[in-house]
Amino acid sequence: MQAGEKIVIRVEYLGLFIRLAGISGEYLTLGKGSSLEELLETVFTRRPSLEKGNRSLFAAVNKKPITAPRAAWKEILLQDGDQVLLGVKVIGG
């Protein structure tokens with residue numbers, strides 16, 4: 001993250017996350033060079049109720065699902081104006 005420079009990210013919550021957060025989305029300001037993992041840390045700090053979905057988290061950046069393992073999310077850098085979708089993975093058949 002570069003000191004002083006900021007980016008604004010639109011976070012949209014899906015499904016259970018809407019109910020847990022009490023809102024469907026919000027704008028978050030982060031430092032330039034922030035990663036998807038850093039965004040999640042910010043989200044979970046602001047909205048601790050969302051931690052319940054942390055184990056089965058679904059994320060998409062600009063409508064592209066993130067398929068990389070969670071450990072690699074720290075390498076996914078966000079850009080000013082990105083839209084991040086967050087929700088719980090739906091599993092079943």
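**Reading the chain**

Guide: Of the 93 residues in the protein chain, 37% are buried, where buried means under 20% relative accessible area, exposed over 50%, and partly exposed in between (1.4 Å probe, protein chains only). This is a predicted model, in which local features need pLDDT of at least 70 and side-chain atom pairs count only at pLDDT 80 or more, while totals for chains, interfaces and linings use all residues. Residues are numbered from 1 along each chain as its sequence is written, and side-chain values use heavy atoms, with hydrogens and water left out.

Visitor: How many helices and strands does the protein chain have?

Guide: Helices (H or I, at least four residues) and strands (E, at least two) are DSSP runs, numbered from the N terminus. The protein chain contains 2 helices and 5 strands, and their order along the sequence is β-α-β-α-β-β-β.

Visitor: What radius of gyration does the protein chain have, and what would a compact globule have?

Guide: The radius of gyration is taken over C-alpha atoms, and the globule rule is 2.2 Å times the number of residues to the power 0.38. For 93 residues a compact globule would have a value near 12 Å, and the 13 Å of the protein chain agrees with this. The C-alpha trace spans about 45 × 25 × 20 Å along its principal axes.

Visitor: What share of the contacts joins residues 24 or more positions apart?

Guide: A contact means heavy atoms within 4.5 Å. Among contacts in the protein chain with a separation of 6 or more, 62% link residues 24 or more positions apart.

Visitor: Which residues of H2 are buried?

Guide: In H2, the buried residues are Leu36, Glu37, Leu39, Leu40, Val43 and Phe44. They cover an arc of only 155 degrees around the axis, which puts them on the same side of H2; the arc is that of the directions from the helix axis to the C-beta atoms.

Visitor: Which residues does leucine 36 contact beyond its neighbours in sequence?

Guide: Leucine 36, a residue of helix H2, is buried with a relative accessible area of 0%. Leaving aside neighbours within four places in sequence, leucine 36 is in contact with Ala59, Val61, Ile66, Trp73, Ile76, Leu78 and Val84. Its C-alpha atom is separated by 11 Å from that of valine 11, 25 residues apart along the chain.

Visitor: Is glutamate 37 buried or exposed?

Guide: Glutamate 37 belongs to helix H2, which covers residues 36–46. Its relative accessible area is 18%, so glutamate 37 counts as buried. Apart from neighbours within four places in sequence, its contacts are Arg70, Trp73 and Lys74.

Visitor: What does valine 43 touch?

Guide: Valine 43 also has its place in helix H2, and its relative accessibility of 1% makes it buried. Not counting residues up to four places away in sequence, valine 43 touches Tyr13, Leu28, Leu50 and Leu86. Valine 43 and leucine 28 are 15 residues apart in sequence, with 8.5 Å from C-alpha to C-alpha.

Visitor: Where does asparagine 62 lie, and what is its phi?

Guide: Most residues other than glycine have a negative phi, and most peptide bonds are trans. Asparagine 62 has a positive phi, near 55 degrees, and is placed in the loop between strand E3 (57–61) and strand E4 (64–65). With a relative accessible area of 40%, asparagine 62 is partly exposed.

Visitor: What is the phi of lysine 63?

Guide: Phi of lysine 63 is positive as well, at about 70 degrees, although this residue is not a glycine. Lysine 63 lies in the loop between E3 and E4 and is exposed, with a relative accessible area of 65%.

Visitor: Where is glycine 81 found?

Guide: Glycine 81 is in the loop between E4 and strand E5 (83–88). Its relative accessibility of 57% counts as exposed. The C-alpha atoms of glycine 81 and glycine 22, 59 residues apart along the chain, are separated by 23 Å.

Visitor: Which residue lies over the face of tyrosine 27?

Guide: A charge sits over a ring if NZ of Lys or CZ of Arg is within 6 Å of the ring centre and within 35 degrees of the ring normal. Here arginine 10 lies over the face of tyrosine 27, at 4.7 Å from the ring centre.
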